[in-house]
Amino acid sequence: MSETGPGEPAGAAEVAAAVAAARRGQEVWASLTPWERRDGLRAVKRALVSSASRIVEVVAAETGKGPLDAVEGEVLPAAIHARYLARTAHLHLAPRRLNPQPMLTRRAWVEYRPRGVAGVISPWNFPFFLSFQPALTALAAGCGVVLKPSSATPLSGALVADLTEQAGLPDGLVQVVRGGADTGRALVAGGVDVVSFTGSSAAGREVAALAAAHLVPTLLELGGKHPMVVLGDADPVRAARGAVWGACFNAGQACVAVERVYVVAEAYEGFVAALPAALSNVAASTDPARGIGPVFGPGQIEVVEAQVAAALAAGATLFAGGRRVGESFYEPTVLLGVDHSMAVMREETFGPVLPVMRVADEEEAIACANDSPYGLHASVWAGGAAAGRRVAARLRAGTVAINDCLVNYGIPALPFGGMGDSGWGRTGGAEGLRAFSHTVAVTEARVRPRREAYWFPRRGGVGLRLRLLRLLAGR
Ligand code: NAD
């Protein structure tokens with residue numbers, strides 16, 4: 001493992017050295033087949049399990065999250081993803097035979113080859129998991145990794161390199177560079193072969209532009225504004241409990257957090273009536289059972305306060321919460337009477353705030369849900385399966401949950417990613433592995449005549465080609 005020190009942020013020279021070292025390690029790693037790399041992935045998984053307590057300690061110390069939140073939100077999902085990758089990466093990356101029509105005398109297949117060195121840039125909200133997951137996916141695809149964690153949480157990110165070192169992966173394969181946006185820019189422009197960026201839409205735009213100038217492909221996992229749609233026949237108690245969990249998990253600092261709720265008129269009273277009981281299960285603390293943890297992102301609590309204050313000034317009403325507790329905790333908060341003129345309904349809040357809007361019917365709920373530049377996660381809550389699926393199919397989001405929320409992230413076989421301002425590309429599943437792979441199309445002649453019918457000198461004229469065209473493509 002190599003890591004720039006805690007003092008100075010890594011500049012272009014350090015980033016270039018890290019990319020070169022990762023490339024040397026990657027050459028060794030990529031000489032193994034995906035099947036052979038399974039041993040390394042399993043060793044990382046074992047290192048993760050044996051280091052679980054230390055990871056929890058580091059994350060808790062760096063973020064202020066309670067240990068239970070660090071286990072649930074960081075270590076457990078990391079272990080689940082590691083297990084999935086160790087079990088399935090070789091299957092997803094196996095060559096895939098394709099029908100060679102109309103070239104019937106050929107064989108055709110695709111191969112997935114590692115892109116090379118991946119630059120992985122991660123945020124502070126799940127500082128270990130969101131570093132580990134893309135890094136391990138890149139490794140599973142045969143890439144080397146240069147990871148740049150958020151400057152707010154460098155130690156949690158650096159744990160990834162400790163684990164790969166413990167697991168005995170090739171020397172230099174995983175590098176960590178420390179610093180903020182400038183180090184991130186140096187990494188994007190630093191000769192990497194693919195960039196995986198998780199962070200805000202504003203920074204994602206900049207990363208996309210810089211990567212485009214270097215013709216480097218990007219995977220952009222950006223912000224979200226999860227709309228929750230509650231239909232008339234939904235179970236109000238489950239919906240209210242789900243809304244509170246979805247808005248308050250990690251104190252709302254999740255790209256998939258429930259950020260706005262649209263309840264159709266006939267369900268509205270029942271849903272609001274069920275909220276107090278749901279809210280009685282949460283508190284602005286790190287209490288293991290009810291604590292939602294601190295709002296720990298740099299400047300984040302001020303954003304939350306400003307959005308709530310602006311909504312109240314514009315006519316929203318405070319149903320619950322609405323106050324800071326101590327330095328960095330914020331009460332689980334419910335706003336009623338909100339509308340789409342308010343920032344709390346349009347911009348990422350990233351805090352434990354649940355704005356609830358009454359809408360006339362399903363059509364209005366869908367229109368409001370889709371009235372956002374973001375499209376990461378959405379949920380619909382319905383009594384009947386048909387209604388739930390009908391609405392789910394019309395929600396503009398890369399991940400959708402029916403009668404549930406946030407759960408997609410915990411299923412490693414599912415591709416995860418967004419539309420619009422939420423970014424592009426998918427992590428997770430086969431798609432995630434292939435994002436770090438070149439898809440190479442290969443053909444092979446099964447029979448080898450001295451010359452093919454269409455080689456020079458050509459036989460026949462346009463008439464023959466047109467007859468062939470009709471034969472192949474019909475009239
Ligand atoms: P951020 O965009 O400020 O920073 C993310 C990372 O990018 C950090 O490591 C930062 O140093 C680096 N960075 C910032 N500007 C850069 C630039 N111009 N070039 C290269 N690197 C740059 O985001 P944040 O505040 O750390 O994280 C919160 C954001 O991340 C929220 O918007 C949240 O929704 C989003 N997020 C998305 C997902 C997802 O999977 N879609 C997951 C978690 C968080």
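Biologist: On a 1 Å grid over the protein atoms alone, a pocket is an open set of points where a 1.4 Å probe fits, with protein on both sides within 12 Å along at least five of seven lines, and lining residues have an atom within 4 Å of a point. Which residues lie nearest the centre of the largest pocket here?

Modeller: Pro123, Phe197, Gly199, Ser200 and Ala203, out of 33 lining residues. This is a predicted model, in which local features need pLDDT of at least 70 and side-chain atom pairs count only at pLDDT 80 or more, while totals for chains, interfaces and linings use all residues. Residues are numbered from 1 along each chain as its sequence is written, and side-chain values use heavy atoms, with hydrogens and water left out.

Biologist: How much space lies in that largest pocket?

Modeller: About 730 Å³, taken as the space filled by probe spheres set on the points, which are joined across faces, edges and corners.

Biologist: And which elements give two or more residues to its lining?

Modeller: Helix 7 (181-188), strand 7 (194-198), helix 8 (201-213) and helix 11 (300-313). Helices (H or I, at least four residues) and strands (E, at least two) are DSSP runs numbered from the N terminus.

Biologist: What is the lining like by class?

Modeller: It has 17 nonpolar, 11 polar and 5 charged residues. Ala, Val, Leu, Ile, Met, Phe, Trp, Tyr, Cys and Pro count as nonpolar, Asp, Glu, Lys and Arg as charged, and the others, Gly among them, as polar.

Biologist: Different topic. At what angle do helix 4 and helix 5 pack?

Modeller: Helix 4 (residues 67-92) and helix 5 (residues 129-140) pack at about 10 degrees, with axes 9 Å apart. Helix 4 is therefore roughly parallel to helix 5, a label for angles under 35 degrees. The axes are lines fitted to C-alpha atoms over the stretch in contact, and angles run from 0 to 180 degrees between N-to-C directions.

Biologist: Which residues of helix 4 meet helix 5?

Modeller: Among them are Gly73, Pro77, His81 and Leu85, and the helix 5 side includes Phe129, Phe132 and Leu136.

Biologist: Now the backbone. Where is Pro102, and is its bond from Gln101 cis or trans?

Modeller: Pro102 is in the loop between strand 2 (96-98) and strand 3 (106-114). The bond from Gln101 is cis, with omega near 0 degrees. Phe456 and Pro457 are also joined by a cis bond, with omega about -5 degrees. Pro457 is in the loop between strand 21 (437-445) and helix 16 (462-473).

Biologist: What is phi of Asn250?

Modeller: Near 60 degrees, a positive value in a residue other than glycine. Asn250 lies in the loop between helix 9 (236-248) and strand 10.

Key:
Angles under 35 degrees count as roughly parallel, over 145 as roughly antiparallel, 65 to 115 as roughly perpendicular and the rest as oblique. Contact means heavy atoms within 4.5 Å.
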